[in-house]
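Here are my notes for you, written as a few numbered points. Keep the viewer open while you read.

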Amino acid sequence: PTFPMSRLQDFRLLPVKFDETCRTSHVMYIKKHHVRQDEDSLPSERTLFVVGVPPLCTEEALKNIFVANGEVTGVFLRKRPGACPMTHAQDSSHCHYQSHPSEMGFKVGYVVFKETSACDRALKMDPVVDRYLSTPNCQIVTGMKRWIQDYRAKWHDPNLLQAEIDEYMTNFDNQATKAQEEQEASQGKPDKEGWVTVTRSKKSLKQGELKRTEIRRAKKKRKEKELLNFYQFQQRETKREQIAQLRKKFEEDKHRVSVMRAARKFKPY
């Protein structure tokens, strides 16, 4: 096939086919990657920006398209343009299982070359030459095999997962022990400026816990008292009891006064 238009604004057109059995081509758009703030993983002079990457295309398949122009040091696929994620080689805390599902649909790609001249040669690739994403050396799995592969990828080896958990907990325990030893060693000792860091002892912690327990009990009792007269009928009964007690006390005081008057011996007349 012929492609009379090889450019679209700043992009160059690069037709690709899925494999040798395909008759039609899919067009990807490529240009040099330019951003205001340069990234270490995506140097502007050596990075090729690819738009319209097919959904089933892998990083290895995209690398095979451009590797003829020079050595490729990295390939990144994203759902939309943006900062590239950290690779497994750069990430020391790499897990054995996938934390995020693979992106579906058309994507954008970043192809990083070792030399600037290789990136320039990639921009001059002939659009008439047939290029295939799926080759015998790098075959893209499709159909039922792809579904089975994706399903199996969801389940991880429990031995690898347990080994990773044990390693993480061992490192965590070592760091906690080291921090505690450093804290005990520096306790009561002045620093470079002469300040002494005062830390809480276990005794003070226990006293603080007792105080907090007493406060919680007092709050619970106060809450129970507040709930005694929560309903209106409880409030009415409480008022009735208070009035009855006041009346009873009034009658007792009245009787006591009458007895005192009757027992009074002093008679002026």
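1. A term to start with: a residue is buried under 20% relative accessible area, exposed over 50%, and partly exposed in between (1.4 Å probe, protein chains only). By that rule, Asp130 comes out as partly exposed at 38% relative accessibility, while Lys17 is buried at 10%.

2. Where you're looking matters too: this is a predicted model, in which local features need pLDDT of at least 70 and side-chain atom pairs count only at pLDDT 80 or more, while totals for chains, interfaces and linings use all residues. Residues are numbered from 1 along each chain as its sequence is written, and side-chain values use heavy atoms, with hydrogens and water left out.

3. Now the salt bridges (a side-chain nitrogen of Lys or Arg within 4 Å of a carboxyl oxygen of Asp or Glu). The structure has six. One of them joins Lys17 to Asp130, at 3.8 Å from N to O. Lys17 sits in the loop between strands S2 and S3 and Asp130 in the loop between helices H2 and H3, so this pair ties together parts 113 residues apart in sequence. (Helices, H or I with at least four residues, and strands, E with at least two, are DSSP runs numbered from the N terminus.)

4. Have a look at Asp120 and Lys32 as well: their side chains form a salt bridge at 3.0 Å, N to O. Asp120 is in helix H2 and Lys32 in strand S3, so parts 88 residues apart in sequence are tied together. Lys32 and Asp120 also belong to a salt-bridge network with Glu45.
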